[in-house]
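This report is written for a reader who is new to the structure shown below.

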Amino acid sequence: MIMTRFISFVFALQFIPSVAFGAIAVGNTSNTNALGVDQTAVSSLTWEHTVATASNQILIVLVGCTDDVGFGVGAASVTYNGTAMTFLVQQIAVDGGGTDPSVDIYYLVAPTQGAHNVIVTLNGANKIAFGMA
């Protein structure tokens with residue numbers, strides 16, 4: 001459900017008139033995850049992401065996780081190359097089973113170009129978490 005809404009949002013972006021704003025292009029993508037019910041819960045994610053050389057860029061990071069240990073879901077903060085990213089929205093799907101999966105979206109206008117780390121600090125420990133840029 002959460003990913004369906006995000007995909008719909010991205011799909012809608014392509015209909016913004018390119019005459020007024022210029023063409024929208026997708027640059028490099030990257031991701032990481034920490035999965036496993038039997039593994040120790042994680043409280044942060046770190047991965048390298050490369051922003052290509054171009055103008056008028058925005059970096060969008062999605063963070064997904066579940067809360068099966070009672071700490072609350074979602075990201076507390078996201079940085080790229082040490083710069084704090086801006087929180088946009090969180091969607092929580094209350095599933096009744098106690099895991100309450102969520103997706104948070106953060107963005108950064110004019111990110112530093114080149115290869116740098118994306119660092120996500122989660123709200124508590126989560127057994128399943130992923131991040132993508």
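Predicted model: local features only at pLDDT ≥ 70, side-chain atom pairs only at ≥ 80, totals over all residues.

## A covered strand and its partners

Strand β7 is mostly covered, since six of its eight residues count as buried.

## The chain as a whole

The chain holds two helices and nine strands, and when it is read along the sequence these elements follow the pattern α-α-β-β-β-β-β-β-β-β-β. Of its 133 residues, 32% count as buried, while the accessible surface of the chain comes to about 7800 Å², with 59% of that area belonging to carbon and sulfur atoms.

## An open sheet of four strands

Four of the strands form an open sheet in the order β2-β8-β4-β5, with antiparallel pairing. The edges are taken by β2 (42–51) and β5 (83–84), each of which has a single partner strand, so one side of each is left without a neighbour in the sheet.

The pairing of β2 with strand β8, which covers residues 114–126, is antiparallel and is made of nine bridges. Within this pairing, W47 has V118 in β8 as its bridge partner.

W47 is also one of the residues in contact with N31, and the contacts of N31 beyond its neighbours within four places in sequence are W47, G131 and M132. N31 itself belongs to strand β1, residues 31–34, and counts as exposed because its relative accessibility is 55%. The C-alpha atoms of N31 and V63, two residues that are 32 residues apart along the chain, are separated by 9.7 Å.

## One aromatic pair

A search of the whole structure finds one aromatic pair. The ring centres of F87 and Y106 are 5.4 Å apart and the ring planes stand at 70°, so the pair is described as edge-to-face. The pair links distant parts of the chain, with F87 in strand β6 (residues 86–92) and Y106 in strand β7 (residues 102–109), 19 residues apart.

F87 counts as partly exposed, because its relative accessibility is 44%, whereas Y106 counts as buried, because its relative accessibility is 5%.

## Loops with positive phi

Most residues other than glycine have a negative phi. Against that background, N56 has a phi near 55°, a positive value in a residue other than glycine. N56 is found in the loop between β2 and β3, and it is exposed, with a relative accessible area of 81%. A110 also has a positive phi of about 55° although it is not a glycine; A110 lies in the loop between β7 and β8 and is exposed, with a relative accessible area of 60%.

Is Q57, with a relative accessible area of 19%, buried or exposed? Q57 is found in the loop between β2 and β3, and it counts as buried because its relative accessible area of 19% falls under the cut-off of 20%. Leaving aside neighbours within four places in sequence, Q57 is in contact with V51, A52, L108, V109, A110, P111 and Q113, a list that includes A110, the residue with positive phi in the loop between β7 and β8.

## A nonpolar patch on the surface

On the surface, I58, I60 and V109 form a nonpolar patch that has about 250 Å² of accessible area together. I58 is placed in strand β3, residues 58–65, and it counts as partly exposed because its relative accessible area is 48%. V109, another member of the patch, is also among the contacts of Q57.

How values were computed. Residues numbered from 1 in each chain as written. Heavy atoms only, no water. Patch = residues over 30% accessible without salt bridge, like charges linked within 9 Å, V, L, I, M, F, W, Y side chains within 5 Å. Areas by Shrake-Rupley, 256 points an atom, 1.4 Å probe, with all protein chains shown as cover. Salt bridge = Lys/Arg side-chain N within 4 Å of Asp/Glu carboxyl O. Buried < 20%, exposed > 50% of the residue type's maximum accessible area, 1.4 Å probe, protein only. Contact = heavy atoms within 4.5 Å. Pairing = 2+ DSSP bridges. Phe/Tyr/Trp six-rings, centres within 6.5 Å; stacked < 30°, edge-to-face > 60°.
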